Amino acid sequence: MADESSSPESGWLDFDFSEDLINICNNGNRRLLITGLLRKFLITYFSDDDHFEATALAGRVWRDDPSSPLLIESALTWTPKIAGKRPAILIKAGELKLETPTIGGMQQVTAAGTAEFMKMVTGNHLILVITPTEPETEALAAEAYRAIVQCEALLRRNLNLLRVRVTGVSAPQLSEEYNQMVVVGFGLEYGWSDNWSIEYDTEVLTTITLL
Amino acid sequence: MTTFNKTEVFKRVLVDYFQAGGGRVSWELDPHFMDPGPYIFTLQVSTNHGEPGTWAAVGDPVEDGVYVIDPVQRQYTIRTRVVYRIELTTPSYVYYSPIAQVYGLLTERQWLLARAIVRKLLLQVTRPTLNTLPGKLLKRKLNGTACSCIDEYTGATLNTSHITCYGTGIVGGYWQAVDTNLLDTAIDGSHVKVENNKGTIDEQVLKGKFAGLPMLETRDIWVSDSSDIRYFIHSIKHVSEMNQVPIVTEVELRPIPAGDVIYSFPLT
C-alpha cells in the first residue's frame, strides 16, 4: 500500500492521468488512446501484488522485461520476443459508433454567429485473459474486471468521458495453442462527445442578381 | 475420498522385450490415485506364475520412475512361467500391481510381429540420421502430493508458473526424464503472426514417431537433446497397435515458449 501522505492521489492504486489528459487535450479522444490507457491501467494494477484482492495471485506481478510472469499487451501488437507467452491479458479494440443526436449535428448557433456541432461517440474494448487452466483464468479475469469496475467512476471523471462501464464477462472458452488454453473475455463500453464549431467567413447566399 | 484396493492403483503394467539389454516393465497409475509422494517402485519377479513365496526383487528400487529394465534372461522354455509385478511404496502404504506376463497382452505371434515392426523403426530412430532427434521424455505426474497452488474448488492449478509443480498441480510435476528418440517426419512452417483473440503467437507443429513404450499421453513433454527446446505432446495416434499395446506412436508436438516454467525442470 502506498504512503497516503506522498501525494493527494496516493492510496490503493496510484495512477497518473496527467499524460493522458495532455494527449486528450492535444488530439481529442481516440480509440488507440483508450487501448493504451487500459494497458497502462492494467500494468499499473498488476505491477504490485498489494493491489490484488485474490491472495492466490501473490507474486504474479507484471514486469517490463520478457521474463515477466504476465503479459499485458494489445491483442494486435506484434511482439515476437514474447510470442505466445501465457498467462496473458490482451486488450482488443472494438467498434466505434458515431451518433448524431441533433438535426444536422448542430448543437446551437451562438450570438456571434458561430455554429457549434456535436457527435456522440460510443465504443467498446474486449479484454481477454488467457492461461492454461480454468481457475487461473478465472482468478486473473476477476482481478482485472473488478479493478476496472471499481475505477469506472474515476476513469470517467479524470478522462472526461461520458460513460465507462464493464458490460459483462464471457464464459470460459477453450483455445488451442501450444497447450490447451482457457480464455475469458470481458467487455468495456465507453463514450464521449466530440464538439467543434464553425465560424463562417461569409453569409449564405440568398439572392442572385444576373446583369 | 476414493479408496483403492491394493491392485487398483495401477491402470496397467506392460512387459516388453522391444529393446536390446533386457525386458522392460512399464506401468501406468490410475489417474485418481492421490497418495502423497515420493513413490518408490520396485520390480519383483516370480518364476512360477506369481506363487506366494516366489517373489524376488529385481535391481534397485526406482523413485518416481515410469519403467524398469530387467537385464536378466528369465525365460528359457516355450511355456511362460515368469511373471512380474510392481511394488509401489508411498509414505502411506505399500501397493502391488496385478501380475504382468512376459508377453504382456500379446500372443507370441503378435509379439514377434511387434518386435519386427519396432526393430525396423528403431533402426531409423537410433541411427544418427538427419531426421532422428535424440531427446528425453518427461511423463506428466497424474498422482502424488497435491501442490499448494491448486484451487480448492476445482483441484486445478491456480498458478501454471509454479516452480514446485511446474504448473501441473502435483508436487514435482513430471517423472524422471527417460531417453526417447523421435523420428521426425514433418515440420510445418513457422510464422510469427498476430491472431485476433490470441495476440502474437508462433505456432509450430512438429510431427514424428516414437517406437513402442513407454506409453505417451497428451501433455507429456518431449525435450530435444540438441536444442533443449521442450515440446508439449499435443496429440497421439497409435499407428500400429496390437491388442491395445502401442507398437508405433505418431505424435504431434508443439514447442513451448522459452519463458515457460517447464524449462526449469532438471533433466538429470
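β1(B) and strand β2 (residues 23–29) of chain B run antiparallel to each other, joined over six bridges. Strands here are DSSP runs of E, at least two residues long, while helices are H or I runs of at least four, both numbered from the N terminus; two strands pair if DSSP finds at least two bridges between them. Across this pair, B:Phe10 sits opposite B:Leu29 in β2(B).

A word on the source: this is a predicted model, where local features need pLDDT of at least 70 and side-chain atom pairs count only at pLDDT 80 or more, while totals for chains, interfaces and linings use all residues. Residues are numbered from 1 along each chain as its sequence is written, with chains lettered from A and ligands numbered from 1 in the order in which they are written.

Back to the sheet: it is an open one of three strands, ordered β1-β2-β5 (chain B), with antiparallel pairing. β1 (10–16) and β5 (67–70) of chain B each have a single partner strand, so they stand at the edges with one side lacking a neighbour in the sheet.

Zooming out, chain B has one helix and 18 strands.

Now for the contact between the chains (C-beta atoms, placed from the backbone, within 7 Å): chain A puts in 32 residues and chain B 25 residues. On the chain A side, β2 (88–99), β4 (115–131) and α3 (134–150) of chain A each give two or more residues. The largest share, four residues, comes from α3(A).

Note on methods
Contact = placed C-beta atoms within 7 Å.
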